[in-house]
Amino acid sequence: MSSPALQPRTRVTRIAQEAVDKARLTVVPRVRTRAPRVPFMTLVSLVLVGGIVGLLLFNTSMQQASFTASALETEADTLAAREQTLRMELDELRNPQRVATEAQAMGMVIPSAPVFLDLETGETVGVRTPATPENAIQLQPPAPIKPAVLAPEPTYVEVPATPTVEEQAATDPGATSAKPRKNRNR
């Protein structure tokens, strides 16, 4: 009976040997596979072209924004100058001296003695006199009179009229045959 014990052991050895033979590593020559270059080059080219186009669009938009800002600054300067002009005109129109002068030109008269009204009692304080143009206070002094030396009388000089060709012919019978000559030295 010695054979049953040996039989499984040789069998296991043989199976193990086959597994070892299958599991043995061998050196396999490397196979170089090259990635296709066309898709990579296309991708790189598209990225570069996209970047350049993006930079050009960005630059263009920045230039447009610069022109818009410049135009708005010019308009703001114009409007500021216009505002200053209008403020100066308004100050000139609000000038009390101008208002009083125009009122006087319209016929209003400044009284010579002012009268004050007390708002609590309703009484007037001062002498009430009618204001007339004769006794009114003048805002502008009268214009000075120019001396006669600076404003002389005009001098008129009479110049006799020159006789026409027909009048000369009527007064001088020898002048009828004479005709005016044309200038040939041109």
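This is a predicted model: local features need pLDDT of at least 70, side-chain atom pairs count only at pLDDT 80 or more; totals for chains, interfaces and linings use all residues.
Q: How many of the residues count as buried?
A: Here the general idea is a cut-off, since a residue is called buried when its relative accessible area is under 20%. Of the 186 residues of the chain, 1% count as buried, and the accessible surface of the chain comes to about 18500 Å², with 62% of that surface belonging to carbon and sulfur atoms.

Q: How many salt bridges does a search of the whole structure find?
A: A salt bridge asks for a side-chain nitrogen of Lys or Arg within 4 Å of a carboxyl oxygen of Asp or Glu. The search finds two salt bridges: R87 pairs with E83, their closest N and O atoms being 3.0 Å apart, and E102 pairs with R98, where the closest N and O atoms are 2.4 Å apart.

Q: Where do R87 and E83 sit in helix α2, and is R87 buried or exposed?
A: R87 and E83 are four residues apart in helix α2, which covers residues 37-93, so about one helical turn separates them. R87 counts as exposed at 54% relative accessibility, whereas E83, at 41%, is partly exposed.

Q: Where do E102 and R98 sit in helix α3?
A: E102 and R98 are four residues apart in helix α3, residues 96-105, and are therefore separated by about one helical turn. E102 is partly exposed at 40% relative accessibility, and R98 is partly exposed at 23%.

Definitions and conventions:
Residues are numbered from 1 along each chain as its sequence is written. Side-chain values use heavy atoms; hydrogens and water are left out. Buried means under 20% relative accessible area, exposed over 50%, partly exposed in between (1.4 Å probe, protein chains only). Accessible areas come from the Shrake-Rupley method with a 1.4 Å probe; for residues, only the protein chains shown count as cover. Helices (H or I, at least four residues) and strands (E, at least two) are DSSP runs, numbered from the N terminus.
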